[in-house]
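Student: Can we go through this one together? I have the sequence and the model open and would like a plain walk through the fold.

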Amino acid sequence: MSTPQPPMPQTAAPNWQAAPGSSYPTYTSPIPVVRTHLGHALASEWTKIRSVRSTVWTLGVFVLLVVGLGLATAALVAGNSSEGGVRNENPLSFGVFGLLLGSMCIITLGVLTTASEYGTGMIRTTMTACPTRSRVLAAKAIVFFVVAFVVTLASALLVALVDVAMLDARQPTGQEWLKGTVGISLYIALLGLLSLVVGSIIRHSAGAITIMIGLVLAPLVIALFMFAESLQDLQQALFEYSIPNQLSVFYSQSLSDSGPSGWDPLWIMLGVTAVAFAGAYGLLEKRDV
């Protein structure tokens, strides 16, 4: 004698509906479909940049270099200068040494933000989740720029406040405060953004980092070894438009009497980055991932 089996639960049948104008039924998923937008891409890139160890290491070393060298330079000057020896100097300018070396960290992080995905193959997953490639590049650029600017501004502002309190120098004007904190932070963030774009173009981390470090240091180093009289004009141009000199312009301490001044370095970097960004966008639309 067999034991009666309990009835099996009935599962709901799929919701098949006929499409308008068609006699064939189509399946309607119960999962809500949300139209994606730039906000979703920004959230994705923010998750990536804050969850990888390279971000912590590069920004940590950046803060250490900017704050450490900025304060060490000011302490060295304060301890070895005669009374009133720096009274006419801009105390904010002693932070430029740390910012110059720290910019290498921002360059590295900018390149890794894009190029590392090509090295690991993660870019295929990114493009599958967001087929609109321009949206992906824009989201990476926005997230990186905000992170780089905020970290640079906080570090530069801290160094500036301590240097002003430490040194027996004149009080900076409002314009000098703006250029020495916000202005130079925008410049370094744009330099990092240019690195991000170069990483997208080259698609190779080591190659893109090498190109960017060469762009920062090579013009000044080459100019130092131009001794021929016929090369004086080229040497002067390399001095004036080298990135170390453009950083010093924000503190009104240019290596030459001519060339960029005031806010000119920021507009130059903005223009170069915009052109590179347009090139990266064009290549991203044409090449496979």
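**Contacts and packing**

Tutor: Leaving out residues up to four places away in sequence, Leu-238 touches Pro-219, Ile-222, Ala-223 and Met-226. Keep in mind that this is a predicted model.

Student: Where is Leu-238 found?

Tutor: Leu-238 is in helix H8, which covers residues 232-241.

Student: And how many residues apart along the chain are Leu-238 and Pro-219?

Tutor: They are 19 residues apart along the chain, and their C-alpha atoms are separated by 5.4 Å.

Student: Back up a bit. What does the secondary structure of the whole chain come to?

Tutor: The chain has ten helices and two strands.

Student: How much of the protein chain is buried?

Tutor: Buried residues make up 40% of the 289 residues.

Student: What share of the contacts comes from residues 24 or more positions apart?

Tutor: Counting contacts with a separation of 6 or more, 76% are between residues 24 or more positions apart.

Student: Now helix packing. At what angle do H3 and H5 pack?

Tutor: Helix H3 (residues 96-120) and helix H5 (residues 133-166) pack at about 160°, with their axes 11 Å apart. That angle makes H3 roughly antiparallel to H5. The crossing is right-handed.

Student: Which residues of H3 and H5 meet?

Tutor: From H3 there are Leu-99, Ile-106, Leu-109, Gly-110, Thr-113, Thr-114 and Glu-117. On the H5 side they meet Lys-140, Phe-144, Ala-148 and Thr-152. By class, the residues of this contact divide into five nonpolar, four polar and two charged.

Student: What about H5 and H6, how far apart are their axes?

Tutor: The axes of H5 and H6 are 8 Å apart, and the packing angle is about 145°. The crossing of H5 and H6 is right-handed. The residues of that contact divide into 20 nonpolar, six polar and one charged.

Student: Next pair. How do the axes of H6 and H7 cross?

Tutor: The axes of H6 and H7 come within 9 Å and cross at roughly 140°. H6 and H7 are therefore oblique to each other. Their crossing is right-handed.

Student: Who makes the contact between H6 and H7?

Tutor: H6 supplies Leu-191, Leu-194, Ser-195, Val-198, Gly-199 and Ile-202. H7 supplies Ala-208, Ile-211, Met-212, Leu-215 and Val-216. The contact of H6 with H7 has nine nonpolar, two polar and no charged residues.

Student: Is Arg-203 buried or exposed?

Tutor: Arg-203 is buried, because its relative accessible area is 19% and the cut-off for buried is under 20%.

Student: Changing topic: where is Pro-91?

Tutor: Pro-91 is in the loop between H2 and H3. With a relative accessibility of 1%, Pro-91 counts as buried.

Student: What is Pro-91 in contact with?

Tutor: Leaving aside neighbours within four places in sequence, Pro-91 is in contact with Asp-163, Val-164, Leu-167, Ala-169, Arg-170 and Pro-172. Pro-91 and Pro-172 are 81 residues apart in sequence and 7.3 Å apart in space, C-alpha to C-alpha.

Student: And Ser-93, where is its place?

Tutor: Ser-93 is in the loop between helix H2 (53-80) and H3. Ser-93 counts as buried, at 4% relative accessibility. Not counting residues up to four places away in sequence, Ser-93 touches Tyr-251 and Gln-253.

Student: Last one, H10. How many residues does H10 have, and how far does it reach?

Tutor: Helix H10 (residues 264-286) has 23 residues and reaches 34 Å from its first C-alpha to its last, close to the 33 Å expected at 1.5 Å a residue.

Student: Which residues of H10 are buried?

Tutor: They are Pro-265, Leu-266, Met-269, Thr-273, Ala-276, Ala-280 and Leu-284.

Student: What do the buried residues of H10 pack against?

Tutor: They pack against H3, helix H4 (122-129), H5, helix H6 (174-202) and helix H9 (243-249).

Note on methods: Residues are numbered from 1 along each chain as its sequence is written. This is a predicted model: local features need pLDDT of at least 70, side-chain atom pairs count only at pLDDT 80 or more; totals for chains, interfaces and linings use all residues. Side-chain values use heavy atoms; hydrogens and water are left out. Axes are lines fitted to C-alpha atoms, for helices over the stretch in contact, and angles run from 0 to 180 degrees between N-to-C directions. Helices (H or I, at least four residues) and strands (E, at least two) are DSSP runs, numbered from the N terminus. Angles under 35 degrees count as roughly parallel, over 145 as roughly antiparallel, 65 to 115 as roughly perpendicular and the rest as oblique. A crossing is left-handed if the near helix is turned anticlockwise from the far one by less than a right angle, and right-handed if clockwise. Contact means heavy atoms within 4.5 Å. Ala, Val, Leu, Ile, Met, Phe, Trp, Tyr, Cys and Pro count as nonpolar, Asp, Glu, Lys and Arg as charged, and the others, Gly among them, as polar. The expected span of a helix is 1.5 Å times one less than its number of residues. Buried means under 20% relative accessible area, exposed over 50%, partly exposed in between (1.4 Å probe, protein chains only).
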